[in-house]
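Could you walk me through this structure in my viewer? I am new to it and would like to know what to select next and what is there.

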Amino acid sequence: MGKLTVFGYLREQWTELPIPTADISDQSLVVVGANVGLGNEAAAQLAQLKPKNLLITSRDEVKCERSKADMESRSGMTGIESWPLELCSFDSVSSFVDKFEAKGCTANVLIANAGISTLKYKKTPDGYEATLQVNYLSTALLSLLMLPHLIKTGTPEHASRLVIVSSEVHHLANRLKGADRWPSIIEKINDEAYCTSSVMLNRYALSKLLEVMFVRELSSRLATPTLVAVSAVNPGSCHSRLTREVESNPLFKYAVRIYKGLFARTTEMGSRTILHAAIVPGERERHGQYLSSCEVAEASDYTLSAEGREVSRRLWHETLKILGDIDPRVNTIVSEHLIQVIE
């Protein structure tokens with residue numbers, strides 16, 4: 001069953017995960033959100049394996065320089081590229097891909113790790129609630145714009161990888177019930193009047209559910225055998241900077257810290273789940289799947305329900321419409337690289 005139980009959660013949190021390793025000397029990797037937390041640790045572990053190329057991103061130039069210096073110091077790898085990418089801005093995502101293409105870069109692996117967690121409703125300059133845009137819409141835009149580059153490096157023997165970092169809390173998302181009857185799902189969940197304090201309390205979990213749905217929809221539209229293995233990864237509850245805004249609230253600060261002290265994985269342990277999806281063989285067996293503790297796991301009951309599947313289908317089409325209007329390359333990529341699913 002696709003349920004999150006207390007016993008199952010604790011068992012996973014306290015499980016020692018295998019250390020992923022592989023020969024990636026001929027691989028070019030992109031890690032989004034590598035200046036802190038899980039992204040930083042995953043990028044450092046990958047750098048120690050000495051890939052052919054490693055491109056990491058942070059939100060601005062200053063953080064880029066710091067993360068590059070930190071990464072090269074920790075790993076001994078030189079020539080790491082570090083570029084700014086601000087997921088609160090669709091223009092930043094498009095410009096990142098423009099630069100990637102102009103420089104003739106390649107990618108065997110894209111790890112879409114960046115994300116935020118906030119209890120406050122705040123709109124980005126693009127007009128979307130920040131968690132919705134950063135964790136979902138911009139992540140989807142980047143994934144689709146980078147898809148042709150991942151397809152180009154995939155082979156019949158080894159698929160390239162698109163790894164979207166999700167979470168077990170997608171099981172707890174409880175704000176989509178009845179969404180199959182809403183005129184527009186994205187418009188509804190972006191509406192400030194809808195986003196009450198209780199809705200925002202569940203917003204991070206919802207964003208992770210949207211990511212799982214996106215992975216399922218995208219993977220179902222890639223040809224078989226796929227040249228790009230797409231997966232949604234749960235790194236577990238980890239010591240990271242993700243909760244920094246929540247911890248700034250005195251009501252939550254000590255509760256979160258006590259919880260982390262008792263149950264959280266180390267950042268390094270959590271990063272193993274990301275590396276497993278990114279470099280360990282068996283990528284096609286994991287294609288389209290939700291992964292937890294370095295294994296294929298079942299997505300939430302809602303994801304697999306009839307209503308959830310309908311919401312997922314509608315969400316896919318709404319997302320493509322929004323992103324296609326933002327960057328017309330999305331429409332070209334969908335028509336050239338994805339197959340039509342009979343609905």
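**The whole chain.** Keep in mind that this is a predicted model. Start with a cartoon view of the chain, which has 14 helices and eight strands. Its radius of gyration is 19 Å, close to the 20 Å that the globule rule gives for 343 residues, so the chain is as compact as a globular protein of that length. Along the principal axes, the C-alpha atoms fill a box of roughly 50 × 50 × 40 Å. Of the 343 residues, 57% are buried.

**The largest nonpolar core.** Next, select Leu142, Leu176 and Leu218: among the 71 residues of the largest nonpolar core, these touch the most other members. Then colour helix α5 (residues 130-153), which gives the most to this core, with 13 residues.

**Around Leu176.** Now zoom in on Leu176 and show its neighbours. Leaving out residues up to four places away in sequence, its contacts include Trp182, Ile185, Leu206, Met213, Tyr302 and Val311.

**Out to the surface.** Finally, switch to a surface view: the chain exposes about 15000 Å², and carbon and sulfur atoms supply 55% of it. Select Tyr254, Ile258 and Leu262, a nonpolar surface patch with about 360 Å² of accessible area together. Leu262 sits in helix α10 (residues 250-263), and Leu262 is exposed, with a relative accessible area of 54%.

Technical notes
Residues are numbered from 1 along each chain as its sequence is written. This is a predicted model: local features need pLDDT of at least 70, side-chain atom pairs count only at pLDDT 80 or more; totals for chains, interfaces and linings use all residues. Side-chain values use heavy atoms; hydrogens and water are left out. Patches are made of residues with over 30% relative accessible area and no salt bridge: like charges are joined within 9 Å, nonpolar side chains (Val, Leu, Ile, Met, Phe, Trp, Tyr) within 5 Å. Accessible areas come from the Shrake-Rupley method with a 1.4 Å probe; for residues, only the protein chains shown count as cover. A salt bridge is a side-chain nitrogen of Lys or Arg within 4 Å of a carboxyl oxygen of Asp or Glu. Helices (H or I, at least four residues) and strands (E, at least two) are DSSP runs, numbered from the N terminus. Buried means under 20% relative accessible area, exposed over 50%, partly exposed in between (1.4 Å probe, protein chains only). A nonpolar core is a set of buried Ala, Val, Leu, Ile, Met, Phe, Trp, Tyr and Cys residues joined through side-chain atoms within 4.5 Å. Contact means heavy atoms within 4.5 Å. The radius of gyration is taken over C-alpha atoms; the globule rule is 2.2 Å times the number of residues to the power 0.38.
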